[in-house]
Amino acid sequence: DASPGVFSGIQPTGIPHLGNYLGALQSWVKLQDEFSSVLYSIVDLHSITVPQDPGVLRESILDMTACLLACGIDPEKSILFQQSQVPEHAELGWIFGCLTSMPRLRHLPQWKIKNQNQKNEGSVGLFTYPVLQSADILLYKSTHVPVGDDQIQHMELTQDTARTFNQRFGQIFPIPKALMTTSKKIRSLRDPSSKMSKSDPQNLATVRLMDSPDEITLKFRKAITDFTSEVTFDPEGRPGVSNLIAIHSAMTGLTPEDIVPQSRGLETAKYKLVVAEAIIEKLMPIQEEIRRLRADKGYLREVLNRGTMKAREVAAPVYEEVCRLVGF
Ligand code: ADP
Ligand code: NA
């Protein structure tokens, strides 16, 4: 009954990094041509689950808008909007919160990690943010959700919530599926056992889309490899150099089978510079576009406002239907 539709969100917490770009945003761009209904949300309600600076958040929302547009998100093909401007997200989140038990949320591994990062004093919002995520998705009756593997448990919660609501009140929600996009997991340049992340305090570990050529070269030069100087692809045995190959591959479309023979006779120290060059070259036009867009706040706000209006058009009747079924 539900027509296929994509929903995904990204937090406006700084400039996206290579992991976000290669693991998520590139597939977001492709999905725009594969589905007729596609919504991408800058999820600012999620980004206040940990303390934020209002001025920084305001600018980060515009940064993220510019980055998404520069990477190929096209507001004619998808609905790009700011989550907090569609009040039905929070309203549906409240209703879903009343259908979700505390123990169900307490067992989610992401809560345990994120709460530890808050010295075990995480907010109620941080605790219930997977409930809000379920509302984000189901508010549009979305059927497909591109996510990384760290979000699998949250997708299961969303599916359970849809089933629970349907059983108690009436069959209105599709059971959405996770679209696994992060087969290309990009790892920290300083610790290949963990993923590249916006919240990594190690400045050299993460390459962001707006890093200058010098910063990119420095970060790759300082990337952790091992004591073997040959370039070989062995993600288990040689995670450091294999991560460099994975980044190189994801960025250029070359496969590791192309890259390894090309790099024969090259020491890893030299290979790091080859990868840095490839990244700098690929990012150059994107960076120019980000700068151009970022200079025009009026245009960025207009894109978000138009997206918000379109999102509300879809969300409002679904939320009305929910209210009627719940008894409001
Ligand atoms: P971060 O963990 O850096 O804050 P988010 O949680 O905002 O990033 O993730 C936004 C999107 O980017 C998600 O779809 C997530 O799966 C993807 N993503 C984040 N980090 C990586 C990574 N290192 N490799 C691949 N994809 C990633
Ligand atoms: Na995050």
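Modeller: First, a residue counts as near a molecule if its C-beta atom, placed from the backbone, lies within 6 Å of it. Also, this is a predicted model.

Colleague: Fine. Which helix gives the most to the shell around ligand 1?

Modeller: Helix α1, residues 18–34, with 4 residues. The shell has 16 residues, and those that come nearest are Gly 19, Gly 23, Ala 24, Gly 148 and Lys 198.

Colleague: And how does the shell around ligand 1 split by class?

Modeller: Into 8 polar, 5 nonpolar and 3 charged residues.

Colleague: Different topic. Is α9 enclosed or open?

Modeller: Largely enclosed by the rest of the structure, because 11 of its 14 residues are buried. The buried ones include Val 241, Leu 244, His 248 and Met 251.

Colleague: What do the buried residues of α9 pack against?

Modeller: Against α1, α10 (256–262) and α11 (268–294).

Colleague: What about the span of α9?

Modeller: At 1.5 Å a residue, its 14 residues (239–252) should span 20 Å, and the end C-alpha atoms are 20 Å apart, so the two agree. Gly 253 follows α9 and has a positive phi, near 85°.

Colleague: Now the strands. Which strand is β4 joined to by 4 bridges?

Modeller: β5, residues 177–180, and the two run parallel. Pro 146 has Leu 179 of β5 as its bridge partner. With helix α7 (residues 152–169), β4 and β5 make a right-handed β-α-β unit.

Colleague: Are the faces of β4 covered or open?

Modeller: Both are covered: His 144 and Pro 146 are buried on one side, Val 145 and Val 147 on the other.

Terms used:
Residues are numbered from 1 along each chain as its sequence is written. Chains are lettered from A and ligands numbered from 1 in the order in which they are written. This is a predicted model: local features need pLDDT of at least 70, side-chain atom pairs count only at pLDDT 80 or more; totals for chains, interfaces and linings use all residues. Ala, Val, Leu, Ile, Met, Phe, Trp, Tyr, Cys and Pro count as nonpolar, Asp, Glu, Lys and Arg as charged, and the others, Gly among them, as polar. The expected span of a helix is 1.5 Å times one less than its number of residues. A residue is buried if 20 or more other C-beta atoms lie within 10 Å of its own, exposed if 12 or fewer, and partly exposed in between; C-beta atoms are placed from the backbone. Two residues are in contact if their C-beta atoms, placed from the backbone, lie within 7 Å. Two strands pair if DSSP finds at least two bridges between them. A crossover is right-handed if, with the strands pointing away from the viewer, the path from the first strand over the helix to the second runs clockwise.
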